[in-house]
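Have the sequence and the 3D view open side by side for this one.

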Amino acid sequence: MNSAQIEIQLIASLVAIACAIPGTFLVLRKMAMISDAISHSILPGIVIGFFITHDLNSPILILFATLTGVITVVLVERIQKTGLVKEDTAIGLVFPALFSIGVILIAKNANDVHLDVDAVLLGELAFAPFDRLILNGSDMGPKSLWIIGTVLLITIGLLVAFFKELKVSTFDIGLASALGFSPAVLHYGLMSVSSITTVVAFDAVGAILVVALMIAPAATAYLLTNDLKKMLTLAILIGVFSAISGYWLAHWIDASIAGSITTMLGLVFLLVYLFAPMKGLISVIFKERQQRIEVSLLTFLLHLRNHSEIEERHVNHLNEHINWQKVRSKTVLDLALKNNMITIDKEVVSLTEKGDEFTSRAINYIITNEDSQIEGMKDDFFLFRG
Amino acid sequence: MNKIAVKVDDLTVAYNYKPVLWDIDLEIPEGVLMAIVGPNGAGKSTLIKAILGILDPLAGSVEIYGKPYKKQRSLVAYVPQKGSVDWDFPTTAIDVVMMGTYGSLGWIRRPRQKQKKASLEALEKVGMLSFKNRQISQLSGGQQQRIFLARALVQDASIYFMDEPFQGVDATTEVTIINILKELRKQNKTVIVVHHDLQTVPEYFDWVTFLNVKKIATGPVKDIFNDDNLTKTYGINYKVSIQE
């Protein structure tokens, strides 16, 4: 690896971390689409800032663009508050308007300004190492590394200081307000951080792909954990992993770095969506199947208990009596046998002591709905789990 | 007569300039267990939210022990409607209860051992100690309600506002809530509960407010909980049989 490659991966990783932090809260607040709106509507801010400063890394440009991001949020809320349109419609009205103003501004001035729509939309990480910070004649590394590093430090500082406030206002806005933690201050704080992160990240990954870095790691982490701190950590790790693996994917297939990073984010999400231990698709399907069998088992045991007549308990007649298909009866019979809940003597099924006790407890739970009952059952049997 | 815990003056609240609460005057004496009753859309939750400063009123004022709510936050605990939050939020029972301590901590300061201990005690009071590390989405509706109750208890307030705590809960939870209400009354705390089940009002509460956009009546249950006020509040000829 040469130093430019290391620098690019470092920048991509810092961008990923800076995006994952506000992204986690956006996902939990069901505001993922707001990041899409911000990422587009900062364009006029960037363009105007660029006309003034002629420097994509100028703090004034960052300030202008961040302001446009916050204005977007305010506009969306204003339109939504009229009660005439819903939030998603309001978002759909605001950001294309602002974005198109930016596009027109670029097009009208394309001759004398070195800024084109492609660069804004997709970014170009590969060029980041060329724009260097020179202090007193010595090379301090790429400018964007310093800018993103600064924003990241601020973000982490705010997160550590206001973690508890962000948590309570995200979970229960009414309580936050009653306790005196102004939800409005926290909301606009989060929106400002999201905007400034989007602005500094756009240079590296482009205005559109920054959305992927904000939302995908958080959405993936959400499927893996039930703890906010772990969700933040996982989102950061997933972001960094996708940034670095995406870089090497781009290197390998000779494609856009930003595009490859986003592809990796999508792939990671897909894998987790399928295979996550608790909330993954496969796990959910498996659990549902299991539950169906378990409920069938209980129905079967109940039937046995309620009928002492031999003909009602004959293996071949069970299908008819509880109206099941052969396959299902077989599965349930096998399961009950395996757990020593029944015995089969000359094709006639009887409950064992264990089966009888289990049935009583299960019925007792269903009737009383008492938690202590189910807690005990969960330990030694699989029914009612999850 | 006891001290006045909560005083509401000429309170009007509007959504998009349509009044949902109209000129409410209300004095709640210290130490009462008060139910707020009224039909759907009567503004019961809105009244609580306006008192707690969650909603901005169009007009009027609220005093908690003679001072504005903002200066008396530490005296007040709030149990929102269970359905007002997303129970899929990645957090545990103990963590939700601990949120009740955030108010006394103020900005930036983190909960420590003392807050954790208080939260565990509150969980024990509502019979949920064994669920302390359970993810909140894996709790039943009644258990979630008890977590909210524990969160209010940990605030150790003088006045408790509860928004429909009995809504859709199991028998165990209902008994727990009632016992805690009684316990709070013993400690001379004031409890204000938005309540739906008219049958249980005389049994659970000693004070009642009838509300339907306007205030219909407020006072001791034994004096004003009658068919006349019920009919005025609910519009139709309302009859409840009150067991003696």
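B:Asp9 comes out as partly exposed, because its relative accessibility is 28%, and buried would take a value under 20%. B:Lys7 lands in the partly exposed class too, at 25% relative accessibility. These two residues form a salt bridge, with 3.0 Å between the closest N and O atoms. Keep in mind that this is a predicted model, so every distance here is read off predicted coordinates.

**Salt bridges**

Over all chains, the search of the whole structure turns up 12 salt bridges.

| Salt bridge | Closest N to O distance |
|---|---|
| B:Lys7 with B:Asp9 | 3.0 Å |
| A:Glu7 with A:Arg132 | 2.8 Å |

Take the bridge between A:Glu7 and A:Arg132, with its closest N and O atoms 2.8 Å apart. This pair ties together distant parts of the chain: A:Glu7 sits in helix H1 (residues 3-28) of chain A, while A:Arg132 is in strand E1 (residues 132-135) of chain A, 125 residues apart. Is A:Glu7 buried or exposed? With a relative accessible area of 13%, A:Glu7 is buried. A:Arg132, on the other hand, is at 25% relative accessibility and therefore counts as partly exposed. There's a further member here, too: A:Glu7, A:Arg132 and A:Asp139 are linked in a network of salt bridges.

Why does A:Ser169 count as buried? Because its relative accessibility is 5%, and the cut-off for buried is under 20%. The A:Ser169 side chain reaches back to the backbone oxygen of A:Leu166, at 3.4 Å. Leaving aside residues up to four places away in sequence, A:Ser169 touches A:Arg29, A:Ala176 and A:Leu186.

**A covered strand in chain B**

Which residues of E8(B) are buried on each of its faces? On one side they are B:Thr190, B:Ile192 and B:Val194, and on the other B:Val191 and B:Val193. That accounts for strand E8 (residues 190-194) of chain B being described as mostly covered, because 5 of its 5 residues are buried, each being under the 20% cut-off.

E8(B) has parallel pairings with two strands you can pick out in the view. With strand E3 (residues 33-37) of chain B, E8(B) pairs in the parallel sense over 4 bridges, and B:Leu33 stands opposite B:Val191 in E8(B). With strand E7 (residues 159-163) of chain B, E8(B) also runs parallel, joined by 5 bridges. There, B:Phe161 stands opposite B:Ile192 in E8(B). To get from E7(B) to E8(B), the chain goes through helix H6 (residues 171-186) of chain B, making a right-handed β-α-β crossover.

**An antiparallel sheet in chain B**

Chain B also has an open sheet of 4 strands, in the order E2-E1-E4-E5, with antiparallel pairing. Strand E2 (18-29) and strand E5 (67-68) of chain B stand at the edges with a single partner strand each, so one side of each has no neighbour in the sheet. Further in, strand E1 (residues 4-15) of chain B and strand E4 (residues 59-64) of chain B run antiparallel and are joined by 5 bridges. B:Thr12 stands opposite B:Ala59 in E4(B).

**Chain A as a whole**

Chain A comes to 15 helices and 4 strands. Of its 386 residues, 49% count as buried. Among the chain A contacts with a separation of 6 or more, 65% come from residues 24 or more positions apart.

How far can you trust the model? Chain A averages a pLDDT of 85, and 89% of the residues score at least 70. Within chain A, confidence is highest in helix H9 (residues 228-253), at 96, and lowest in helix H15 (residues 371-380), at a mean of 53. Where pLDDT is low, the predicted coordinates should not be read in detail.

Terms used
Residues numbered from 1 in each chain as written. Chains lettered and ligands numbered in written order. Predicted model: local features only at pLDDT ≥ 70, side-chain atom pairs only at ≥ 80, totals over all residues. Heavy atoms only, no water. Buried < 20%, exposed > 50% of the residue type's maximum accessible area, 1.4 Å probe, protein only. Polar contact = N/O pair within 3.5 Å; in protein donor to acceptor, adjacent residues only side chain to side chain. Contact = heavy atoms within 4.5 Å. Pairing = 2+ DSSP bridges. Right-handed = clockwise from strand over helix to strand, strands pointing away. pLDDT = per-residue confidence, 0-100. Salt bridge = Lys/Arg side-chain N within 4 Å of Asp/Glu carboxyl O.
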